[in-house]
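Me: Let's go through the labels in this model one by one. Set each value against its cut-off and conclude.

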Amino acid sequence: MLLDNNLKLRAFNDPLTTIFSNKKDEQLLYRKCGEVLGCAYHIEENRNCGSTTQCNSCELRIAALLSYAENKPVENKHLIKPFIDYHGMRSDKHLQFSTRLFNFEKEKYIVTIIDDITELKQLEKELVDNSKFHN
């Protein structure tokens, strides 16, 4: 994702819509990050991204703003966060993300790369659980 200084989506690649978006077939550009991703807090509290009870502690938001304000890249951070899909189903996703500043035509943007590693984390847990069972 490419975000502007207001954390609004300015560009993205196709996997974003299949992995995160709860707005199937809707225009995503110029919407705030949490709204585009389907952040459960944004939806359940019916508040704008940036003003929910959880926004001040959102690691993704903090990393993006840190990269923008201080030109500090954040690499391979992990978090677990609840999302709501376009069916209205809430689920916790394990994410790995990186952010960094990107300058283009005298404007500053935040490049954000997000990988959904939920399935990997579930497989790791099953492996650990199975090894405990067999020992």
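**Labels and their cut-offs**

Me: Why is Phe 102 called partly exposed?

Reply: Phe 102 has a relative accessible area of 35%. Buried means under 20%, exposed over 50%, and partly exposed in between (1.4 Å probe, protein chains only). So Phe 102 counts as partly exposed. This is a predicted model: local features need pLDDT of at least 70, side-chain atom pairs count only at pLDDT 80 or more, and totals for chains, interfaces and linings use all residues. Residues are numbered from 1 along each chain as its sequence is written, and side-chain values use heavy atoms, without hydrogens and water.

Me: What makes Phe 104 buried, exposed or partly exposed?

Reply: Its relative accessible area is 43%, so Phe 104 is partly exposed.

Me: Why is the pair of Phe 102 and Phe 104 called stacked?

Reply: By this rule the count comes to one aromatic pair. Phe 102 and Phe 104 form it, at 6.3 Å centre to centre and 10 degrees between the planes. Rings of Phe, Tyr and Trp (its six-membered ring) pair if their centres lie within 6.5 Å; planes under 30 degrees apart count as stacked, over 60 as edge-to-face and the rest as tilted. Therefore this pair is stacked.

Me: What is the label for Asp 4, buried or exposed?

Reply: Asp 4 has 8% relative accessibility, so Asp 4 counts as buried.

Me: What makes the link from Asp 4 to Arg 10 a polar contact?

Reply: The two side chains meet at 3.5 Å. A polar contact is a pair of N or O atoms within 3.5 Å; within protein, one must be able to donate a hydrogen and the other to accept it, and residues adjacent in sequence count only if both atoms are side-chain atoms. So the Asp 4 and Arg 10 side chains make a polar contact. A polar atom of the Asp 4 side chain also lies 2.9 Å from the backbone nitrogen of Asn 6.

Me: Which residues does Asp 4 touch, not counting residues up to four places away in sequence?

Reply: Asp 4 touches Arg 10, Tyr 109 and Ile 110 (contact: heavy atoms within 4.5 Å).

Me: How is the lining of the largest pocket divided by class?

Reply: It has nine nonpolar residues, two polar and one charged. Ala, Val, Leu, Ile, Met, Phe, Trp, Tyr, Cys and Pro count as nonpolar, Asp, Glu, Lys and Arg as charged, and the others, Gly among them, as polar. Asp 115 is one of the lining residues, and Asp counts as charged.

Key:
On a 1 Å grid over the protein atoms alone, a cavity is a set of points where a 1.4 Å probe fits but cannot get out, and a pocket is an open set with protein on both sides within 12 Å along at least five of seven lines; lining residues have an atom within 4 Å of a point.
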